[in-house]
Amino acid sequence: MNVIQKGKYLWLLILSLILVSNYMLYQTAVGAEVLPPETNPVVLGSLIDLVIIGPLFFMLYRKKFSIKTAVLFAAAGCIIARLLIPSHLLGPYATITWVGIGAEAALVLFELLFVIAFFRYLPNIIQKVKTSALPVIFSFPKAVDHYVKNNPIIHVICSEFLVFYYALFTWKKTPPNGITLHKKSNFIAFQIMMIHAIIVETLAIHWWLHEKSIVISIILLILNIYSVIFLIASIQSIRLNPIYTDEKALYVSFGILKRVKINFQDIESIVEDPVVLKSKLEKDTIDFIAKDFEQVYPDMILKMKNPVKATLFMGIQKEYSKVAIKSDDPEKLKAVIFAK
């Protein structure tokens, strides 16, 4: 484990200690014995821990600093403080926690404005997608970013729209011609097996669990239904989205799970050394490999001049310096890349 990783887990350990120690102090018999008669300084120290120190360590762990993130985590610390610290002890500082909760509510309302804007512009977004030459899995997020400001919640909504679109509205579509990633694997068969297993598990367990706990049985049923929808969407999105190219870029997606746009001019080299291809992929490498019952390796690794931004499930975006690909026609894919 390198120094950076050790530092990252150190922040997480300290954050955990802050939460556990405050829980023990206010929610256990041991804490009740330890608390001094004058509790105001102790409560103030706990508020500093939960509202300032804890969020700071969490941001150090995530390596993400911004005013918005700081306010969000500080407000979350206020909510945790109200849950952990008994109201009769928190009384003198209740105003501080309510300010934090108010800030949290304001941020939620602010994010809600983006959601409203998304649905307001949805007809325009759909029209832009219809006129785009790109596959829907690329054109829809691009159209969303055109009309609505880039936002994590919008990325999640966009990702869910794609899930339900591919699961429910693509059955009459014919897969376009192109270099595919899945046909020489058992990936789709594995997904179908998973769907079958979920359905059998739902039928076998739901009615038994329904008699024990209606709430848990309903939650499990909803999760299973969503899982089936997600797996169907995964199958359809992979079938309908072979590698797409235009004059400037290569558009590679593994269905709704991940996608990336690679500009031809940003490709530094193509790694084809069998030893490298069969070794463990580095952390700065995103792979587009249809994994099934057997160990599979990429046909090539594209080394980039500059990191490319990939979009993962739930709209999470991350940069990678290398792209590993296993396609059904690697020679044709190399020819396409070299031709550009």
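The model is a predicted one.

The unreviewed UniProt entry places the feature "transmembrane region" at residues 42-61, 70-90, 96-122, 187-208 and 214-233. Two of these stretches can be set beside the model. Residues 187-208 are 100% helix and 0% strand, with end C-alpha atoms 32 Å apart. Over residues 70-90, the chain is 90% helix and 0% strand, and 23 Å separates the end C-alpha atoms.

Attention then turns to helix α6, which spans residues 94-120 and contains Leu 109. Leu 109 has a relative accessible area of 55% and is therefore exposed, the cut-off being over 50%. Together with Phe 110, Leu 112, Leu 113 and Ile 116, Leu 109 forms a nonpolar surface patch, and the accessible area of these residues together is about 500 Å². In an α-helix there are 3.6 residues a turn, so residues three or four places apart point the same way.

Helix α9 comes next, with 17 residues (152-168). From first to last C-alpha, α9 reaches 25 Å, close to the 24 Å expected at 1.5 Å a residue. Its buried residues include the nonpolar Ile 154, Ile 157, Leu 162 and Val 163, and also His 155, Ser 159 and Glu 160.

The Lys 334 side chain makes a polar contact with the side chain of Glu 272, at 2.5 Å.

Note on methods: Residues numbered from 1 in each chain as written. Predicted model: local features only at pLDDT ≥ 70, side-chain atom pairs only at ≥ 80, totals over all residues. Heavy atoms only, no water. Patch = residues over 30% accessible without salt bridge, like charges linked within 9 Å, V, L, I, M, F, W, Y side chains within 5 Å. Areas by Shrake-Rupley, 256 points an atom, 1.4 Å probe, with all protein chains shown as cover. Salt bridge = Lys/Arg side-chain N within 4 Å of Asp/Glu carboxyl O. Helix = DSSP H or I, 4+ residues; strand = E, 2+ residues; numbered from the N terminus. Buried < 20%, exposed > 50% of the residue type's maximum accessible area, 1.4 Å probe, protein only. Expected span 1.5 Å × (residues − 1). UniProt positions renumbered as here; feature names shortened; annotations may be inferred. Polar contact = N/O pair within 3.5 Å; in protein donor to acceptor, adjacent residues only side chain to side chain.
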